[in-house]
Amino acid sequence: MSAAGPVRLVVAGAIIDLENRSLLLARRRYPAEVAGLWELPGGKVEVGETPERALRRELAEELGIDVEVGGRIGPEVALRADLVLIALTARVVSGTATPTEHSAVRWVDGAGLSAMASEGELVPADAVWVSDLIEELARRA
Ligand SMILES: Nc1nc2c([nH]c(=O)n2[C@H]2C[C@H](O)[C@@H](COP(=O)(O)OP(=O)(O)OP(=O)(O)O)O2)c(=O)[nH]1
C-alpha cells in the first residue's frame, strides 16, 4: 500500500481484574513471527466502527466475554505504514475468557507481566505498554 493510503486501526484490550490486580493476556497462534507470544486480545477496527465497539466485538468473538471499555492506555504503536495499534482499558462484565482463536489465555499480576516482558514472551509491539500497564495495575490496587 502507498504511504498515502488509509491507515487501519488495531485495538487491543488491557482487561484488568480489579480484585486480583491482574491483566488478561492471550497467546497468538499466527503469524509465525509472533506465534506462541502473548498479547492483549483485540483486532482490527472495521470501517464505520468505533474502537470501543470493535474491541467489544473482538472480545466477544475471540474470548466469549462481554466487556465495559474504559480509556486509552500507553502510546500508540505504528505496526506498519498502514496499521496503527492502540490499547484501551476494559473490564469483564460477563463471561469467562475462553480462547477460540488464541492457543491460551492467562491472568498475570504486575510482577508476572514484568517477568514475561523480560523473558521476551510478549509480542514485540506490546513491550512499550508494560510500564503503563504495571502502573495501572498498581493504581487500581
Ligand atoms: N490484537 C492484537 N494485535 C496485535 C497486538 N500487538 C500486535 O503487534 N498486534 C498485531 C498483530 C496483527 O498484525 C494485528 C492484529 O491482527 P489480529 O489478527 O488480532 O486482528 P483481526 O482478527 O482483526 O485480523 P485478521 O486476522 O482478520 O486479519 O496487530 C496486540 O496486543 N493485540
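This note sets out the main features of a predicted model, point by point.

1. Overall architecture. The protein contains 3 helices and 8 strands. Read from the N terminus, the order of these elements is β-β-β-β-α-β-β-β-β-α-α. The radius of gyration is 14 Å, close to the 14 Å given by the globule rule for 141 residues, so the protein is as compact as a globular protein of that length. Along the principal axes, the C-alpha atoms occupy a box of roughly 45 × 30 × 30 Å.

2. Of the 141 residues in the protein, 28% are buried.

3. UniProt, in an unreviewed entry, assigns the feature "domain: Nudix hydrolase" to residues 6–130.

4. The largest nonpolar core. This core has 30 residues, and the members touching the most others are Val11, Ala14, Ile15, Leu23, Ala87, Leu88 and Leu133. At least two residues each are supplied by strand E1, strand E2 (22–27), helix H1 (51–63), strand E7 (83–94) and helix H3 (130–139). E1 gives the most, with 6 residues. As general background, nonpolar side chains tend to be buried together in soluble globular proteins.

5. Ala14 within the core. Apart from neighbours within four places in sequence, Ala14 is in contact with Leu23, Leu40, Ile73, Ala87, Leu88, Thr89, Ala90, Leu133 and Glu136. Ala14 is also listed with the core members that touch the most others, as are its contacts Leu23, Ala87, Leu88 and Leu133.

6. Asp126. This residue belongs to the loop between helix H2 (110–118) and H3. Is Asp126 buried or exposed? Asp126 has 22 other C-beta atoms within 10 Å and is therefore buried, the cut-off being 20 or more. Leaving out residues up to four places away in sequence, Asp126 touches Glu39 and Leu40. Asp82 is 44 residues from Asp126 along the chain, and their C-alpha atoms are separated by 18 Å.

7. Arg80. Strand E6 (residues 77–80) includes Arg80. Because Arg80 has 10 C-beta neighbours inside 10 Å, it counts as exposed, the limit for that class being 12 or fewer. Arg80 and Val7 are 73 residues apart in sequence, while the distance between their C-alpha atoms is 9.1 Å.

8. Backbone details in two loops. The peptide bond from Tyr30 to Pro31 is cis, with omega near -15 degrees; Pro31 sits in the loop between E2 and strand E3 (38–39). Arg21, in the loop between E1 and E2, has a phi near 50 degrees, a positive value in a residue other than glycine. With 18 other C-beta atoms within 10 Å, Arg21 is partly exposed.

Note on methods. Residues are numbered from 1 along each chain as its sequence is written. This is a predicted model: local features need pLDDT of at least 70, side-chain atom pairs count only at pLDDT 80 or more; totals for chains, interfaces and linings use all residues. UniProt positions are given in the numbering used here, feature names are shortened, and annotations may be inferred rather than shown by experiment. Helices (H or I, at least four residues) and strands (E, at least two) are DSSP runs, numbered from the N terminus. The radius of gyration is taken over C-alpha atoms; the globule rule is 2.2 Å times the number of residues to the power 0.38. A nonpolar core is a set of buried Ala, Val, Leu, Ile, Met, Phe, Trp, Tyr and Cys residues joined through C-beta atoms within 7 Å. Two residues are in contact if their C-beta atoms, placed from the backbone, lie within 7 Å.
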